[in-house]
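I opened the model and kept notes as I went. Here are the entries, in the order I made them.

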Amino acid sequence: MEDRATFRKLELNDGQEVEMCLTFGRLLKLREKRPEEYKKYNKLAMDGVKDEVDFPTFLYTGYLCANIDNVENCMPEGEFYEK
């Protein structure tokens with residue numbers, strides 16, 4: 001089946017642009033490929049945000065999902081937050 005996901009660009013503070021995407025199909029792949037990141041996202045999505053610094057988790061998850069086919073090349077979470 002053709003992936004018809006919608007992508008958006010996010011410009012990071014260092015000027016780098018990354019693509020973002022969040023679909024159920026890509027979340028399913030994230031759950032398989034990066035279960036810890038998926039669990040963190042899912043907990044926030046199901047239980048709600050409890051802390052201000054939880055919000056970037058949604059952005060980082062969108063970044064991972066946009067790059068799910070080469071997720072092993074994605075920047076680590078801490079680096080993403082810094083940028």
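**Entry 1: Ala-66**

I started with Ala-66, which is buried at a relative accessible area of 12%. (Buried means under 20% relative accessible area, exposed over 50%, partly exposed in between, with a 1.4 Å probe and protein chains only.) The model is predicted: local features need pLDDT of at least 70, side-chain atom pairs count only at pLDDT 80 or more, and totals for chains, interfaces and linings use all residues. Residues are numbered from 1 along each chain as its sequence is written, and side-chain values use heavy atoms, with hydrogens and water left out.

I found Ala-66 in helix H3. (Helices, H or I with at least four residues, and strands, E with at least two, are DSSP runs numbered from the N terminus.) I then listed its contacts, meaning heavy atoms within 4.5 Å. Leaving aside neighbours within four places in sequence, Ala-66 is in contact with Phe-7, Glu-19, Met-20, Cys-21 and Arg-26. Phe-7 is 59 residues from Ala-66 along the chain, yet their C-alpha atoms are separated by 7.1 Å.

**Entry 2: Thr-61**

I stayed in H3, residues 55-66, where Thr-61 also sits. Thr-61 counts as buried, at 2% relative accessibility. Where does the side chain of Thr-61 reach? I found the backbone oxygen of Thr-57, at 2.8 Å. Beyond four places in sequence, Thr-61 is in contact with Cys-21, Leu-22, Leu-27, Leu-30 and Tyr-41.

**Entry 3: Salt bridges**

I counted seven salt bridges in the structure. (A salt bridge is a side-chain nitrogen of Lys or Arg within 4 Å of a carboxyl oxygen of Asp or Glu.)

I looked up Glu-19 again, this time for its salt bridge with Lys-9, whose closest N and O atoms are 3.7 Å apart. Glu-19 lies in strand E2 and Lys-9 in strand E1 (residues 8-11), so the pair ties together parts ten residues apart in sequence. Glu-19 is partly exposed at 34%, and Lys-9 is exposed at 57%.

Next came Lys-83 and Asp-14, with closest N and O atoms 3.6 Å apart. This pair links distant parts of the chain, 69 residues apart: Lys-83 is in the segment after helix H4 (77-82), and Asp-14 is in the loop between E1 and E2. Lys-83 is partly exposed at 25%; Asp-14 is partly exposed at 46%.

My last pair was Lys-43 and Asp-47, at 3.1 Å between the closest N and O atoms. They are four residues apart in helix H2, so about one helical turn separates them. I noted Lys-43 as exposed at 52% and Asp-47 as partly exposed at 43%.

Technical notes. A polar contact is a pair of N or O atoms within 3.5 Å; within protein, one must be able to donate a hydrogen and the other to accept it, and residues adjacent in sequence count only if both atoms are side-chain atoms.
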